[in-house]
Amino acid sequence: MKAGITCCDPRGNVMSNLQASGTTTTPNVAVGPAGRALAQPMDPALLDALQQHLTMERRASAFYFANALWFGERELRGFSKFFHGESQSESTHAASFADYLVARGQTVQLEEIGAPRQSWESFEEVMAASFLLEADVTASLQQLYSLAERSSDTRTTVFLDPIMEGQIQSEHEFAHLLGRVRFAGEQAAALLILDAELAEGNNNPYYLGERFSNG
Ligand SMILES: [Fe+2]
């Protein structure tokens, strides 16, 4: 702010700390559980849901890592590569939620995630379980979004916006892959064609519009 410009803070009390008043009082700064400065307290139900969502992302990462191994053991390297990438992106999502909680002055609670399932009867079964997991993650994000709106926590809705968009795209991709695996059935030749596509990084449906890339 330029010297001489009068502050315009609607609350009228915070900005007054920035003006010479002849006193040396230190402004009061609220802190979170880790002792970091806290700009806006977080609704306890929202905080709990964010912590649980972080755990869900870590579980998803472990689940997809197990799937990468399962397909690798069956010589389907494209599927294995695809799930390895998915595992890494879920881990990145978990890290983003951790970063956000720290930025909001909160302490991240890491919970037990347990061993993921590693035994499947068919390729379709793995893909169906993966699609349902994506749908669960979306439902959890929707719940976070409504909790944030209910407590007027705009910081959180802004944080969630791009995550929600990416998640909807993920669901779309998993529905597409499940459809193609169903189409292939248990025919080795068809599954090898899908595997070759995934090895090339072709896992998205065809997009008619410009919003998402077909590359
Ligand atoms: Fe995720």
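F183 counts as exposed, because it has 10 C-beta neighbours inside 10 Å. The cut-offs are these: buried means 20 or more other C-beta atoms within 10 Å of a residue's own, exposed means 12 or fewer, and partly exposed is in between, with C-beta atoms placed from the backbone. F183 sits in helix 4. Helices (H or I, at least four residues) and strands (E, at least two) are DSSP runs, numbered from the N terminus. From F183 to E124 the C-alpha to C-alpha distance is 9.6 Å, across 59 residues of sequence.

The model is predicted: local features need pLDDT of at least 70, side-chain atom pairs count only at pLDDT 80 or more, and totals for chains, interfaces and linings use all residues. Residue numbers start from 1 along each chain as its sequence is written.

**Nonpolar cores**

A nonpolar core is a set of buried Ala, Val, Leu, Ile, Met, Phe, Trp, Tyr and Cys residues joined through C-beta atoms within 7 Å. In soluble globular proteins, nonpolar side chains tend to be buried together. The largest core here has 22 residues. Which of them touch the most other members? They are A60, F71, F79, F83, M127 and V181. Two or more core residues come from each of helix 1 (44-73), helix 2 (77-103), helix 3 (123-150), helix 4 (154-184) and helix 5 (188-199). Helix 1 gives the largest share, seven residues.

Leaving aside neighbours within four places in sequence, F71 is in contact with L76, F79, S80 and F83. Contact means that the C-beta atoms of two residues, placed from the backbone, lie within 7 Å. Another core lies apart from the largest one. This other core has eleven residues, including L50, L54, L101 and L160.

**Helix packing**

Axes are lines fitted to C-alpha atoms, for helices over the stretch in contact, and angles run from 0 to 180 degrees between N-to-C directions. Angles under 35 degrees count as roughly parallel, over 145 as roughly antiparallel, 65 to 115 as roughly perpendicular and the rest as oblique.

| Helix pair | Angle | Axis separation |
|---|---|---|
| Helix 2 and helix 5 | about 40° | 7 Å |
| Helix 3 and helix 4 | about 160° | 9 Å |
| Helix 4 and helix 5 | about 155° | 8 Å |

Take helix 2 and helix 5. They pack at an angle of about 40°. That angle makes helix 2 oblique to helix 5. Their crossing is left-handed. Left-handed means that the near helix is turned anticlockwise from the far one by less than a right angle; clockwise makes a crossing right-handed. On the helix 2 side, the contact uses R77, G78, F79, K81 and F82. On the helix 5 side, it uses D195, A196, E197, L198 and A199. The contact residues divide into five nonpolar, one polar and four charged. For these classes, Ala, Val, Leu, Ile, Met, Phe, Trp, Tyr, Cys and Pro count as nonpolar, Asp, Glu, Lys and Arg as charged, and the others, Gly among them, as polar.

Next come helix 3 and helix 4. Their angle is about 160°. Helix 3 is therefore roughly antiparallel to helix 4. The crossing of helix 3 with helix 4 is left-handed. Their contact holds 19 nonpolar, six polar and five charged residues.

How do helix 4 and helix 5 meet? Their angle is about 155°. Helix 4 is therefore roughly antiparallel to helix 5. R180, V181 and A184 in helix 4 meet A190, L191 and L194 in helix 5. This contact has five nonpolar residues, no polar residues and one charged residue.

**Loop residues with positive phi**

Most residues other than glycine have a negative phi. E75 is not a glycine, yet its phi is positive, about 65°. E75 lies in the loop between helix 1 and helix 2. It is exposed, because 10 C-beta neighbours lie inside 10 Å. S152 also has a positive phi, near 50°, and is a residue other than glycine. S152 belongs to the loop between helix 3 and helix 4. S152 is exposed, with 10 other C-beta atoms within 10 Å.

R150 lies in helix 3. R150 is exposed, with 11 other C-beta atoms within 10 Å. R150 and V126 are 24 residues apart along the chain, and their C-alpha atoms are separated by 36 Å.
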